[in-house]
Amino acid sequence: MDSKQLNLSYHTSFIFICKEGFGKGTVEELLGNYEAIKGEVEIRYKDIVFLTIYPIKKKERKFESSKLKIIGQLRGIADYLSILYDSQTAFYMQQISKSVYNLEREFRALIEIVFLKNKGKSWYNKYFEDSKKEQDRAEKRPDCIKLIDNPLDKRNFVDLRTFVSQNINSSKNTILQKLQRIEEKLDSYLDLADFEGQELKEISVLLSDIKESSDLNRQSVSINDLYEHLTPTLSQEWQELYDQRNLWAHNYCLFTKEEFSRYTILSSTVLRKVRTEVTLLSLFNDEESQSFIVGNHSVNINLHKVKSEGSSICKLKIKFNLGSDKSYLYEVPKATYVDLIDISKILAEFIDDTSSSILLNNIEANPFLTGIIKSTVEKIINSSEMTEKIAENFEQLQKLLDKEYFLKVKMEGINFKKGELNKVETKMNDDLNNLLQQVFQPTESL
């Protein structure tokens, strides 16, 4: 068989036992009905069938749908059917592994930093510690691990889910909803001639939830006061994300493209909400701070905080002046510190500023180094190389931004804007930026 005609990067291997009357010939006949799929089959140990399928080159897009159809047909002729290996699932698992660390680490860090800031070093013992749920994850690990606190690492992903669901669903906004549900159930009770015990149980659970909320309030802890984006909506997303993540955690034999797509969307959505909280906490920690502005006549970066649907979000604007009244404006709604650093790294790459690029790579996960981030971005933007290269070869920078940043943002479903500004728009934008700089970066009085 000509190997150039095949793509072996996609393949699925099965083990199964045929029903009576079916055998190797049946399987080969079944595979012959698929023009985009090839297969190899052998029978070992008298009756165990080993089968591997893979797509013909340039027909890989049909592999997923064909594979699922083949599974259905094999089920019809097999008494026993199992998947030995699936390369697509392996790829999906590898991608999920990359995202799980960031997702869990950043969420744990967000909880930790906010409570440290507001409640001090004993925050965990006071609000979270539960001997029934604690796990000694440092046991049998190197001694250095035992020197680290990180108390939330004693709790697993299930406890993170519990934190989201219990604390958020018991927040100020939802207590009134639970009271209303109790009132509705009591009203329905009055209308019933024969009161059912199940109704009483549901009322009891609701009352218990409200009592727990009251306990939290007595401890002066309100999720609404600490976070803006940890909401009941996030609680629902986290629950669904938990279900999808479990397929990865338990190394399930088959992960479909649809499931992977759903996980990717959910994890990106949740991570951006967590990172928005981190951005507000780091870059906009001071109450008076509403904007993170770095720029000059050639390049202006403005990450500013605005209210949207009752909570704060960050919008990012990057303007490039090319001279002769020609300017380009890029806007990213719902931006985070990651967007700011990603674009800054691309600007550093554009002018071959290796030292700044390496520094940003090394500190990109720590937006609390605000002063260092700002001075590094200023160094990149204010360099003579930046002014010269923007005027001479702005198209190269556009290509870098499109390839290394906006493609990723588009895959996340963020509706960014970009385009050339006319003279009037440029003047209005300059006036707005000057006003913002005067308001949010006032000069010191003599």
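Predicted model: local features only at pLDDT ≥ 70, side-chain atom pairs only at ≥ 80, totals over all residues.
I count two strands as paired if DSSP finds at least two bridges between them.

**Entry: β5 and β6**

β5 and strand β6 (residues 299-308) are antiparallel, and five bridges join them. I then looked for residues that face each other across the pair. V294 stands opposite I301 in β6. S291 stands opposite H304 in β6. I also looked up the cover on β5: four of its five residues are buried, which leaves the strand mostly covered.

**Entry: the sheet**

Which order do the strands of the open sheet follow? I read it as β5-β6-β7-β8-β9, five strands with antiparallel pairing. The edges are β5 (291-295) and β9 (417-421); each has a single partner strand, so one side of each is left without a neighbour in the sheet. Neighbouring strands of this sheet are turned against each other by 15° on average, direction ignored. I note for the background that strands of a sheet pair through backbone hydrogen bonds, either parallel or antiparallel.

**Entry: helices on the sheet**

I followed two helices that lie across these strands. Helix α10 (residues 257-282) lies across β6 and β7 (311-323), and its direction is at about 75° to β7. Helix α11 (residues 337-350) lies across β5, β6, β7 and β8, and runs at about 20° to β7.

**Entry: aromatic pairs**

How many aromatic pairs does the structure hold? I have 14 on the list. I looked up Y328 and F394 from that list. Their rings form a tilted pair, 4.9 Å centre to centre, with 35° between the planes. Y328 belongs to strand β8 (residues 326-332) and F394 to helix α14 (residues 384-411), so the pair ties together parts that are 66 residues apart in sequence. Y328 and F394 are both buried.

I then took up Y330 and F406. These two rings are stacked, at 5.2 Å centre to centre and 25° between the planes.

**Entry: charges over rings**

I looked up two cases of a charged end over a ring. The charged end of K374 sits over the ring of F292, at 5.3 Å from the ring centre. The charged end of R44 sits over the ring of Y45, at 5.2 Å from the ring centre.

**Entry: the loop at Y45**

Where is Y45 placed? I find Y45 in the loop between β2 (37-44) and β3 (48-55). Its phi is near 55°, a positive value in a residue other than glycine. Y45 counts as exposed because its relative accessibility is 57%, and the cut-off for exposed is over 50%. K46 lies in the loop between β2 and β3 too. The phi of K46 is near 75°, again positive in a residue other than glycine. K46 is exposed, with a relative accessible area of 85%.

**Entry: the whole chain**

The protein chain has 15 helices and nine strands. It has 446 residues, of which 42% count as buried. I took the contacts with a separation of 6 or more and asked what share comes from residues 24 or more positions apart; that share is 69%. The chain exposes about 25900 Å², and carbon and sulfur atoms supply 50% of that area.

Methods: Residues numbered from 1 in each chain as written. Heavy atoms only, no water. Phe/Tyr/Trp six-rings, centres within 6.5 Å; stacked < 30°, edge-to-face > 60°. Buried < 20%, exposed > 50% of the residue type's maximum accessible area, 1.4 Å probe, protein only. Lys NZ or Arg CZ within 6 Å of the ring centre and 35° of its normal. Axes fitted to C-alpha atoms, helices over the stretch in contact; angles between N-to-C directions. Contact = heavy atoms within 4.5 Å. Areas by Shrake-Rupley, 256 points an atom, 1.4 Å probe, with all protein chains shown as cover.
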